[in-house]
Amino acid sequence: MRLSVVLPHRDRAGPRLESCLRSLRWQTLPSDEVEIVVSDLGSRPEVVAELGPLAARYGARLLTQTDADLWNRSRALNLGLAAATGEIALASDVDMIFRPDFLAVVLAEADAGFVLCRALDLPPLPPRRWQAADYPWLESRASLRRAMGTGACQAAPRAFFLTHPYDEGYRHWGFEDKDMVVRARRAGLALRFIHHRTSMLHQHHPRTKGEHPWLERRNKLRFWTRRWGLR
């Protein structure tokens, strides 16, 4: 298998996830070269029941871990990456939609460094299961995110992620992606942004940032402490 796409998930089944999966199957890269791993961490039982048929419809592998009281994106990613089989791994998110050439561009760059892509943010739109033919219209409605945005596209040889797993000390929301970028650079991987060659769209949804402000402050402190080599 050439490429594994790992999607961390919790309680987000529905049109957004299906549009993401559909976009991973409308790629120019042959589907037999792309493994999709949906790594669910702590979803409600009724959501997990919905995930199984949805994953099967798009040839995705579903991993479920039920004993999680709080969202931990790093944990979900690490479980998915450990179970994946691709030479190259792409850690992403279930609320993204990818241009048809996206995975081909990722593969072309991943051997030379750590692949990142700035996201285009879509405005609020009625829930739909988008088609490949809709992509140009969606892209025309989207705006480039002001922040560099390093979370929804992080790709490298899977062996790198296995020896440099995501830090599970970051809980609930934020900074695990920035932490990974710092560690990739320290490991000697060049950062290779690809938004000038392709694109990915972030589907609008209610934000969970701010629900646990003390955890967000803790994550921020952890990031800056680790960045400067302190423990």
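Visitor: Is helix 4 mostly covered or mostly uncovered?
Guide: Happy to start there, keeping in mind that this model is predicted. The buried residues of this helix are Phe102, Leu103, Val105, Val106, Leu107, Glu109 and Ala110. With 7 of its 9 residues buried, helix 4 is mostly covered.

Visitor: Which element gives the most residues to the largest nonpolar core?
Guide: That core has 36 residues, and Phe102 and Leu103 are among those with the most contacts inside it. Elements giving two or more residues include strand 1 (3–9), helix 1 (15–25) and helix 4 (102–110). The top contributor, with 6 residues, is helix 4.

Visitor: Which residues does leucine 103 contact, leaving aside its neighbours within four places in sequence?
Guide: Good one to look up in the structure, since nonpolar side chains tend to be buried together in soluble globular proteins. Leucine 103 is itself buried. Its contacts beyond those neighbours are Leu3, Val5, Leu24, Gln27, Leu29, Val34 and Leu90.

Visitor: Which strands stand at the edges of the open sheet of 4 strands?
Guide: The order in this sheet is 5-11-7-8, with mixed pairing.

Visitor: What is the bridge partner of leucine 120 in strand 8?
Guide: Strand 7 (residues 120–121) and strand 8 run antiparallel and are joined by 2 bridges. In strand 8, the partner of leucine 120 is leucine 144.

How values were computed
Residues numbered from 1 in each chain as written. Predicted model: local features only at pLDDT ≥ 70, side-chain atom pairs only at ≥ 80, totals over all residues. Heavy atoms only, no water. Core = buried A, V, L, I, M, F, W, Y, C linked by side-chain atoms within 4.5 Å. Buried < 20%, exposed > 50% of the residue type's maximum accessible area, 1.4 Å probe, protein only. Contact = heavy atoms within 4.5 Å. Pairing = 2+ DSSP bridges.
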